[in-house]
Amino acid sequence: MPGYYRGMLTVLEILRRTTDFFTAKGVESPRLNAELLVGHALGLPRMRLYLEFERHLTEPELDKLRPLVRRRGAREPLQYILGETDFHGLKLKVDRRALIPRPETERLVELIIERAQPPPDRVLDLGTGTGAIALALAAAWTQARVTAVDASTDALALASENATALKLDATVTFVRSDWFAELPREGRFGWIVSNPPYLPEAEASAAEPEVREHEPASALVSAENGLAAATAIIQRAPAYLEPGGVLALETGPDQHGILSERGQAAGWAQIESVKDLTGRPRYLFLVAAGSP
């Protein structure tokens with residue numbers, strides 16, 4: 001990036017040079033990334049930049065912007081640099097301690113809220129990461145008690161920080177557990193939800209640098225060609241659900257055939273495959289045996 005930010009430069013010039021730099025580094029949507037980072041450094045909403053194109057940046061402002069641009073040029077995820085992301089109407093803190101919540105997971109939350117009528121009294125979120133699913137459901141279902149589980153103490157700390165910031169810490173309980181292993185047996189849940197790791201090792205190794213080099217592999221990759229985590233949940237979840245309770249999973253788009261077979265072998269009463277917004281099979285809804 002040497003020479004990109006020398007002299008008295010306007011906002012528009014900075015945006016152009018940053019866009020060129022990101023383009024050369026292979027950053028997706030380079031102009032949008034430039035606008036978001038410049039706005040973040042200046043403390044301005046992105047659209048406000050268009051009203052200040054001719055404004056000259058001060059040297060302290062450039063000093064604040066330079067390291068952010070270097071980090072993005074090194075393909076660190078934009079969300080980690082900004083320190084936050086939006087998820088289902090919530091502003092979540094994000095950093096290297098947990099996976100960045102994806103739009104596919106936001107869609108899972110939407111589907112759960114649509115289907116859970118009336119809302120359950122108790123919900124379990126397995127592999128909570130940033131707390132995205134647990135906190136979104138707690139915000140939507142104010143009377144529900146939500147338990148959020150993760151094997152990573154770092155991820156749980158981040159999720160707890162998000163719960164406190166959103167004033168949802170009174171309704172969400174965080175438990176360190178490898179899936180169900182350390183989960184207290186204190187009654188059953190109406191819904192269990194999870195976005196477990198489901199990428200095969202080869203697919204994760206071929207992913208973009210933002211994913212491959214910066215996000216926690218434990219939240220992305222699962223053994224048995226990506227199937228191990230989802231299989232473990234499918235096999236053990238019935239013992240933790242109320243009769244007629246539901247398990248909602250986000251999965252890989254080519255995994256539904258074998259996971260459905262394993263669900264049938266585990267005794268689930270109903271198994272439904274649901275497509276994401278791109279038309280790929282992404283979500284599994286499994287209903288436990290018995291009447292609710």
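Here is a short chat about pockets, a helix and some salt bridges in this predicted model.

Visitor: Before we start, what are the ground rules for this predicted model?
Guide: Residues are numbered from 1 along each chain as its sequence is written, and side-chain values use heavy atoms, with hydrogens and water left out. Local features need pLDDT of at least 70 and side-chain atom pairs count only at pLDDT 80 or more, while totals for chains, interfaces and linings use all residues.

Visitor: What volume does the largest pocket have?
Guide: A pocket here is an open set of points on a 1 Å grid over the protein atoms alone, where a 1.4 Å probe fits, with protein on both sides within 12 Å along at least five of seven lines. Volume is the space filled by probe spheres set on the points, which are joined across faces, edges and corners. For the largest pocket that comes to about 1300 Å³.

Visitor: How many charged residues are in the lining of the largest pocket?
Guide: Lining residues have an atom within 4 Å of a point, and 50 residues qualify, with Gln-79 and Arg-102 among those nearest the centre. Asp, Glu, Lys and Arg count as charged; Ala, Val, Leu, Ile, Met, Phe, Trp, Tyr, Cys and Pro as nonpolar; the others, Gly among them, as polar. The lining has 22 nonpolar and eleven polar residues, and the charged ones number 17.

Visitor: Which helices do the buried residues of helix 1 pack against?
Guide: Helices are DSSP runs (H or I, at least four residues), numbered from the N terminus. Buried means under 20% relative accessible area, exposed over 50%, partly exposed in between (1.4 Å probe, protein chains only). The buried residues of helix 1 include Leu-12, Leu-15 and Phe-22. With contact meaning heavy atoms within 4.5 Å, they pack against helix 2 and helix 3.

Visitor: Arg-71 forms a salt bridge with which residue?
Guide: A salt bridge is a side-chain nitrogen of Lys or Arg within 4 Å of a carboxyl oxygen of Asp or Glu. The closest N and O atoms are 2.8 Å apart, and the partner is Glu-76.

Visitor: How many residues apart in sequence are the parts that Glu-224 and Arg-262 tie together?
Guide: The side chains of Glu-224 and Arg-262 meet in a salt bridge at 2.5 Å, N to O. Glu-224 lies in helix 10 and Arg-262 in helix 12, so the parts tied together are apart in sequence by 38 residues.

Key. Helix = DSSP H or I, 4+ residues; strand = E, 2+ residues; numbered from the N terminus.
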